[in-house]
Amino acid sequence: MEFLAQFHPKIIHFPIAFLLVYLLLEFFGAIFKKDFFSKAAHLFLLFGVLGALAAVLTGNQAEDAFEGWNKTTSAILETHSTYANITLWYFTVLLVIRTFLVLRKKFSNLFKYLFCLLGIVGAYFIYQTGEHGGEMVFKHGIGTQFHIKADEMRDSLKEIISNQQDKIDSLISK
């Protein structure tokens, strides 16, 4: 399933957008007391959680597919992965609780404001996930053409050195 790794950079933007729009719609629903905003918020939360699940799954595949990890990038990856999983589980729990309250017709204005506050906490997790993922890409070149080219150059140099070593060994043995 390593083919999923290539989709991680494309997929990650969907849950970010869906979950932040969810928060905005949750605020609108609480402030304007319009059922439309509340229902739309619920739908965006659902799509955000599904998108976050896809982002985590493709991210795990991207981690397995990449071989150039060092101590620094491994630490950044660990933090990124931790925040990604926290974000996924956090918003999943929000979705389950919100769905339960809506189905029980107990999703009152008090809960709407509470979910706005909880959404802000979730936005912090989204920010941290993106901050560390961006650091891997923009500071260390993980998953970029630069890193791919560097890996190709390293492999080529290893081959050249191996060939030269073989020549030296053959000269010595004569």
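Tutor: A nonpolar core is a set of buried Ala, Val, Leu, Ile, Met, Phe, Trp, Tyr and Cys residues joined through side-chain atoms within 4.5 Å, where buried means under 20% relative accessible area, exposed means over 50% and partly exposed lies in between, with a 1.4 Å probe and protein chains only. The model is a predicted one, in which local features need pLDDT of at least 70 and side-chain atom pairs count only at pLDDT 80 or more, while totals for chains, interfaces and linings use all residues. Residues are numbered from 1 along each chain as its sequence is written, and side-chain values use heavy atoms, with hydrogens and water left out.

With these terms in hand, the largest nonpolar core comprises 23 residues, and those with the most contacts inside it are Tyr22, Leu45, Val49, Phe91, Leu94 and Phe115. At least two residues of this core come from each of helix 2, helix 3, helix 4 and helix 5, helices being DSSP runs of H or I with at least four residues, numbered from the N terminus. The most is given by helix 4, which supplies eight residues. Apart from this core lies another, of five residues, which include Phe66, Leu77, Met136 and Ile142.

Helix 4 therefore deserves a description of its own geometry: it has 33 residues and reaches 48 Å from its first C-alpha to its last, close to the 48 Å expected at 1.5 Å a residue, the expected span being 1.5 Å times one less than the number of residues. At the start of helix 4, a side-chain oxygen of Asn70 comes to within 3.0 Å of the backbone nitrogen of Thr72; a polar contact is a pair of N or O atoms within 3.5 Å, and within protein one must be able to donate a hydrogen and the other to accept it, with residues adjacent in sequence counting only if both atoms are side-chain atoms. Just after helix 4, Lys105 takes a positive phi of about 55 degrees although Lys105 is not a glycine. Lys105 belongs to the loop between helix 4 and helix 5 and is exposed, at a relative accessible area of 76%.

The rings of Tyr22 and Phe91 are edge-to-face, because their centres are 6.5 Å apart and their planes stand at 90 degrees. This pair joins distant parts of the chain, with Tyr22 in helix 2 and Phe91 in helix 4, 69 residues apart. Tyr22 is buried, at 0% relative accessible area, and Phe91 is buried as well, at 1%. Ring pairs also tie Tyr22 and Phe91 together with Tyr83, Tyr90, Tyr124 and Phe125 in a cluster.

Arg98, in helix 4, is buried with a relative accessible area of 0%. Leaving aside neighbours within four places in sequence, Arg98 is in contact (heavy atoms within 4.5 Å) with Tyr22, Glu26, Ser38, Ala41, His42, Leu45, Phe107 and Phe115.

Helix 5 runs over residues 109-139, has 31 residues and spans 44 Å from its first C-alpha to its last, close to the expected 45 Å. Just after helix 5, Gly141 takes a positive phi of about 70 degrees.

How values were computed
Phe/Tyr/Trp six-rings, centres within 6.5 Å; stacked < 30°, edge-to-face > 60°.
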